[in-house]
Amino acid sequence: MKPWLATGILLLSAGFAHAEEAHTTHWTYDGAEGPEYWGELADTYKTCSTGKNQSPINLDSKVEIEAELSPLTLAYQAGGNEVLNNGHTIQVKYEPGSTLTLDGQAFELKQFHFHAPSENQIDGKSYPMEAHLVHADKDGNLAVVALMFAEGTEDNAGLEQFWPQMPAKAEETTALTAKTDVSKLLPADHDYYRFNGSLTTPPCTEGVVWLVMKQPVIASKAQIEKFTQIMGHPNNRPVQAVNARPVLK
Ligand SMILES: [Zn+2]
């Protein structure tokens, strides 16, 4: 067992997105173990097909509700210390000490990872890549800050902190030579959409607060292609029904 697993099997199985998969049923992004079948692959994955508050979604401006959302309270410091290729995504593990405060509750940043193309959509628009910053409070409740990446001509300096050390093979982990600061990835404008959703990977656990930044950030074509080539396949779950959920903006 890897040392970092020892503290957290229960928490991990309760749903840290893209955590170590060794104890879980295999799944993929296409074919017979793809997203439309996730709910049938294991009893613990049933929510993937029966859930009514699933992620990702299309953020549709026609049905969003104008709300006085309080500014995001982010207190991030450099703390990304490992980059992992788990076969489903590239993930940067974050050491304790960086928090999001939401409704008076502190959520600690645990890890962030990437999807290409984007999972959430904004008015039906898909972006070439999306990052998920996964936070947990002391009770294990999850809050995810999502960032969209549009393609531009410049390299994204925030990505460049760790992009060159991205492991090319699944199940490889690389210790980062310098601690990554996730705040360097954020857009200038922190306006966001808020809705309740789920993990976008099995077991698709619900009760996750989603905060999607409205302003995309830029990554170069070469940066996006490096990720898609190492993944070797798209790693986005299709958008799910919104059902009765309010989406706040
Ligand atoms: Zn994700």
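Modeller: Let's start with the record: UniProt positions are given here in the numbering used for this chain, feature names are shortened, and annotations may be inferred rather than shown by experiment. With that in mind, UniProt puts the feature "domain: Alpha-carbonic anhydrase" at residues 25-249, from an unreviewed entry. Residues are numbered from 1 along each chain as its sequence is written, and side-chain values use heavy atoms, with hydrogens and water left out.

Biologist: OK, what pLDDT does the protein average?

Modeller: pLDDT is the predictor's confidence in each residue, from 0 to 100. The protein averages 92, and 91% of the residues score at least 70. Residues 1-15 stay under 50, and the model has 17 contacts (heavy atoms within 4.5 Å) for them beyond four places in sequence. Over residues 17-22 the pLDDT is also below 50, with 22 contacts beyond near neighbours in sequence. As a general rule, where pLDDT is low, the predicted coordinates should not be read in detail.

Biologist: How much of residues 25-249 is helix, and how much is strand?

Modeller: Helices (H or I, at least four residues) and strands (E, at least two) are DSSP runs, numbered from the N terminus. Over residues 25-249 you get 10% helix and 36% strand, and the end C-alpha atoms lie 36 Å apart.

Biologist: Now the metal. Which residues coordinate the zinc ion?

Modeller: Donors are N, O and S atoms within 2.8 Å of the metal (3.2 Å for Na, K and Ca); water is not among the atoms, so sites may look incomplete. Here His 113 (NE2), His 115 (NE2) and His 132 (ND1) coordinate the zinc ion, at 2.0 to 2.1 Å. Their spacing in sequence reads H-x1-H-x16-H.

Biologist: Is His 113 buried or exposed?

Modeller: Buried means under 20% relative accessible area, exposed over 50%, and partly exposed in between (1.4 Å probe, protein chains only). His 113 counts as buried because its relative accessibility is 1%. His 115 is buried too, with a relative accessible area of 0%.

Biologist: Next, disulfides. Which cysteines form one?

Modeller: In general, a disulfide is a covalent bond between the sulfur atoms of two cysteines. The working rule is a pair of cysteine sulfur atoms within 2.5 Å, and by this rule the count is one disulfide. Cys 48 and Cys 204 form it, with their sulfur atoms 2.1 Å apart. The torsion about their S-S bond is about 95 degrees, so the disulfide is right-handed. Cys 48 sits in helix α3 (residues 47-50) and Cys 204 in the loop between β11 (192-198) and β12 (206-213), so the pair ties together parts that are 156 residues apart in sequence. Cys 48 is buried at 8% relative accessible area, and Cys 204 is buried at 0%.

Biologist: How do I read a helix? Which residues of α5 are buried?

Modeller: An α-helix has 3.6 residues a turn, so residues three or four places apart point the same way. In α5 (residues 221-231), the buried ones are Gln 223, Ile 224, Phe 227 and Met 231. These residues cover an arc of only 100 degrees around the axis (taken from the directions from the helix axis to the C-beta atoms), so they are on the same side of α5. Ala 222 and Gln 229, on the other side, are exposed. Just after α5, Gly 232 takes a positive phi of about 80 degrees.

Biologist: And the backbone: where are the cis peptide bonds?

Modeller: Most residues other than glycine have a negative phi, and most peptide bonds are trans. A cis bond joins Ala 116 and Pro 117, with omega about -5 degrees; Pro 117 is in the loop between β6 (105-115) and β7 (121-122). Another cis bond joins Pro 202 and Pro 203, with omega about 10 degrees, and Pro 203 is in the loop between β11 and β12.

Biologist: What is phi of Asp 103?

Modeller: Phi of Asp 103 is near 50 degrees, a positive value in a residue other than glycine. Asp 103 lies in the loop between β5 (99-102) and β6 and is exposed, at 63%. Asp 123 also has a positive phi, near 50 degrees; it is in the loop between β7 and β8 (129-136) and is partly exposed, at 44%.
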